[in-house]
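Here are my notes for you on this structure, point by point. Keep the picture open while you read, and look up each piece as it comes along.

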Amino acid sequence: MTSFRTLDEAPVKGQRVLVRVDINVPMEDGRVTDTTRIDRVMPTIREIADRGGKVVLLAHFGRPKGPDPKESLKPIAKAVGHVLGKSVAFAEDCIGEKAAQAVAALPEGGVLLLENTRFHAGEEKNDPDFAKALAKLGDLYVNDAFSAAHRAHASTEGLAHLLPAYAGRSMQAELEALRKGLEKPERPVVAIVGGAKVSTKIDLLENLVSKVEALVIGGGMANTFLHAQGVGIGKSLAERELAATALRILSAAQEKNCAIILPVDAVIASKFEANAPHHAYGLDAVPSEGMILDVGPQSIERIKGAIDSAATVVWNGPLGAFELSPFDHGTMVAARHAAERTRLGRLVSIAGGGDTVAALHQAGVAEDFTYVSTAGGAFLEWLEGKELPGVKALAAG
Ligand code: AMP
């Protein structure tokens, strides 16, 4: 990963600082229902304001196809002000006269939110003229939106080439954590990958087998691998047509000396339903009408053993149908075990992805992991080994 400058080096005093944030928060009836994303960018906003900078927030909201009052950031300016504890000004456009006037009126330490960048087509096209119009409003650029860094948009990528560019505190924390996960990790590294499908995670699996000492495969995607190896999996969810892909990934792992840990037993039910009657079977005895909904007890022991052997664990995807009790058991036990090892100071644990974050909360251990990324798509692209344009551009700025 390329190096980047942080707020430590940003001379913000008296300067107009364009800060790209992700405050794409859930709303109901015009009210913000979860402020997690706002909370995450608070340290950056507070620090710049406290140091006498003029904070000009840039953000997107939803997927508008042009100006649309339903996707205005105006109500979110209020919510940001509420969390910040002081009022946040709002400008009805993110470029042009209205934006320029609002920026000019901003005192040192003041905070202004500009209207949804996606109201202009130039944002998603990374149009140089639109990026220049944004750049006119600031002296410095700070990107604190890791979750938008996999997109090369004007406010996430283009701007970094036009102004001195820095990583904000949440971007910095995310990049440092990810670096500890795969780029400069304590070894051995064990990756745990689960979830429904192989098809959505082929690039990710191929990248991981070349970077980690062991890969635990669970969830529905393990069924695809088992089927490819000739194991009867009954009526389990699987992508039977991806057998060749699964075998290719297994042979790549062998070539790279990456141990593959697949389930050796499974919890099987006849219905995809909470509390469906279930039983644990060895993989040589999966009933033809059965569905594998979780890893079995022997597999859980093996996964715990893999976690014990690791200095670093990188995790994406549940090990079973974790929304349906009791088929969350394998995921919960593994999550608590990794959390316990982390609390003991024996493990660096890094997890991310929507379902994984939900599962860690369900297990009550999200706070115990070394780092939990809420950055969905950007986290997955990082696991795929891709260079994120928003991060790459920070090195150039
Ligand atoms: P993903 O979005 O690919 O990470 O997949 C997450 C989904 O995979 C969750 O909704 C889980 O319920 C589902 N899942 C995990 N294991 C299984 C399984 N053995 N059978 C069916 N669904 C599963």
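1. Let's begin with a sheet. Six strands make up an open sheet with parallel pairing, and their order is E5-E6-E4-E1-E7-E8. At its edges sit strand E5 (89-91) and strand E8 (165-167), each of which pairs on one side only. On average, neighbouring strands here are turned by 25 degrees against each other, direction ignored. Before you go further, keep in mind that this is a predicted model. As background, strands of a sheet pair through backbone hydrogen bonds, either parallel or antiparallel.

2. Now zoom in on one pair from that sheet. How many bridges join strand E1 to strand E7? There are 4 bridges, and the two strands, E1 (residues 16-20) and E7 (residues 140-143), run parallel.

3. Helix H1 (residues 36-50) lies across E1, strand E4 (54-58), strand E6 (111-114) and E7. Relative to E4, H1 runs at about 150 degrees. That counts as roughly antiparallel, because the angle is over 145 degrees.

4. On to another sheet. This one is also open, with 6 strands in parallel pairing, and the order reads E11-E10-E9-E15-E16-E17. Which strands are at the edges? They are strand E11 (259-261) and strand E17 (371-373), and each pairs on one side only.

5. Strand E9 (residues 189-193) and strand E10 (residues 214-217) pair in the parallel sense over 4 bridges. Val-190 has Ala-214 as its bridge partner in E10. Helix H7 (residues 202-209) lies across E9, E10, E11 and strand E15 (312-316), and runs at about 165 degrees to E9.

6. The axes of helix H11 (residues 329-343) and helix H12 (residues 354-362) come within 9 Å and cross at roughly 80 degrees. So H11 is roughly perpendicular to H12. On the H11 side the contact is made by Thr-331, Met-332, Ala-335 and Arg-336, while H12 brings Ala-359, Leu-360 and Gln-362. Sorted by type, the residues of this contact are 4 nonpolar, 2 polar and 1 charged.

7. Time for the empty spaces. Rolling a probe the size of a water molecule over the atoms shows where empty space is left. The largest pocket holds about 460 Å³ of space. Its lining has 34 residues, and the closest to the pocket's centre are Gly-195, Ala-196, Gly-220, Pro-318 and Gly-320. Helix H8 (219-228), strand E12 (265-269), strand E14 (291-295), H12 and helix H13 (376-383) are the elements that give two or more residues to this lining. By type, the pocket lining divides into 17 nonpolar, 12 polar and 5 charged residues.

8. There are cavities as well. A search of the whole structure turns up 2 of them at 30 Å³ or more. The largest cavity has a volume of about 150 Å³. Which residues lie nearest its centre? Of the 14 lining residues, those are Arg-40, Asp-144, Ser-147, Ser-170 and Thr-374. H1, the helix from point 3, and helix H6 (169-183) each supply at least two residues of the cavity lining. That lining divides into 6 nonpolar, 3 polar and 5 charged residues.

9. Last, some backbone details worth a click. Most residues other than glycine have a negative phi, and most peptide bonds are trans. Now compare that with a few spots here. The peptide bond from Arg-187 to Pro-188 is cis, with omega near 0 degrees, and Pro-188 lies in the loop between H6 and E9. The bond from Ser-325 to Pro-326 is cis too, with omega near 0 degrees, and Pro-326 is in the loop between E15 and H11. Then there is Asn-257, which has a positive phi of about 60 degrees although it is not a glycine. You'll find Asn-257 in the loop between helix H9 (243-255) and E11.

Definitions and conventions. Residues are numbered from 1 along each chain as its sequence is written. This is a predicted model: local features need pLDDT of at least 70, side-chain atom pairs count only at pLDDT 80 or more; totals for chains, interfaces and linings use all residues. Side-chain values use heavy atoms; hydrogens and water are left out. Axes are lines fitted to C-alpha atoms, for helices over the stretch in contact, and angles run from 0 to 180 degrees between N-to-C directions. Angles under 35 degrees count as roughly parallel, over 145 as roughly antiparallel, 65 to 115 as roughly perpendicular and the rest as oblique. Contact means heavy atoms within 4.5 Å. Ala, Val, Leu, Ile, Met, Phe, Trp, Tyr, Cys and Pro count as nonpolar, Asp, Glu, Lys and Arg as charged, and the others, Gly among them, as polar. On a 1 Å grid over the protein atoms alone, a cavity is a set of points where a 1.4 Å probe fits but cannot get out, and a pocket is an open set with protein on both sides within 12 Å along at least five of seven lines; lining residues have an atom within 4 Å of a point. Grid points are joined across faces, edges and corners, and a volume is the space filled by probe spheres set on the points. Two strands pair if DSSP finds at least two bridges between them.
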